[in-house]
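Student: I have a new model open and would like to learn how to read it. Could you take me through some features one at a time?

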Amino acid sequence: MGFWIVWLILGACFAVLYSVLLFPRILMRAYGATVPVRDRLIGRASDDNRAILVYEPALSARRYLKSYRIWREPDGMFFQADLGTRVALLRYEILVYNASNEIIEVIGVKETFNNELMTHVTALPRGADYVSVRLICVDDTPFPRERRPFNGKFAAWLCVLGGSLAATVDLLVWLGVTFTLRCLDGFTSVYSLPFWDWFVLLGSTTIVVVLLTVAVAVVRFFFVRRRGSSYGS
């Protein structure tokens, strides 16, 4: 019995570790395929031996975010934006890209202002190479979100996500059913499912998980406006 309990725990831990390490990366790739990057570099400067890159965000956002700058220091890379007009509250996303043009993190920011025309300084994660900024909400009014149309890159990452989720669920189902059978036969390995039963069971869960993943992802990325309730102050 002890062997099977350890076997179940190790299998479940592997499924959890696999999910934690892999799924966020896949989600970032899929999300990146829906986001158009229209920011452009407009200047370079130096200050206290720092190289500063100045960017303009997308045209639709420049009324509120006139420009932003990123710079690197010994302890990391940083971001700060200039406002185009005075606002009381601003919610925005900083999409952080690495040198391979892949999103490695999405930083949600919520700021309140009292006649200031600059945001606070935001530290960027390790591996950051450049960023793109997307407005979410201005003075409690949602800002229109531009998205790329459904495309092959998004579809490919969606397939990878669905397949990975299905593999994880199938692993957990296999672990659970096998351990249940061992409990029923007193850990003598007498009971077992025929190959065809396993094929139907795991195949059914795969189809259900993939279909649900595709449905939720398409609705989430293209039809549901993201709210700012999850953003930190």
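This is a predicted model: local features need pLDDT of at least 70, side-chain atom pairs count only at pLDDT 80 or more; totals for chains, interfaces and linings use all residues.

**Reading helices, cysteines and rings**

Student: Now the cysteines. How many disulfides does the structure hold?

Tutor: A disulfide needs two cysteine sulfur atoms within 2.5 Å. The structure holds 0 disulfides. Take Cys-13, which is in no disulfide: the nearest cysteine sulfur belongs to Cys-183 and is 17 Å away. Cys-13 is partly exposed, at 47% relative accessible area, while Cys-159 counts as exposed at 59%.

Student: And aromatic rings? How is the pair of Phe-14 and Tyr-18 arranged?

Tutor: For a pair, look at the distance between ring centres and the angle between planes; under 30 degrees counts as stacked. The whole structure has 13 aromatic pairs. In Phe-14 and Tyr-18 the centres are 6.2 Å apart and the planes are at 25 degrees, so this pair is stacked. The two residues are 4 apart in helix H1, about one helical turn. Phe-14 counts as exposed at 52% relative accessibility, and Tyr-18 is partly exposed at 28%.

Student: Which residue lies over the face of Trp-4?

Tutor: That is Arg-182, at 5.5 Å from the ring centre. Trp-4 also belongs to one aromatic cluster with Phe-3, Trp-7 and Trp-174.

Technical notes. Residues are numbered from 1 along each chain as its sequence is written. Side-chain values use heavy atoms; hydrogens and water are left out. Buried means under 20% relative accessible area, exposed over 50%, partly exposed in between (1.4 Å probe, protein chains only). Rings of Phe, Tyr and Trp (its six-membered ring) pair if their centres lie within 6.5 Å; planes under 30 degrees apart count as stacked, over 60 as edge-to-face and the rest as tilted. A charge sits over a ring if NZ of Lys or CZ of Arg is within 6 Å of the ring centre and within 35 degrees of the ring normal.
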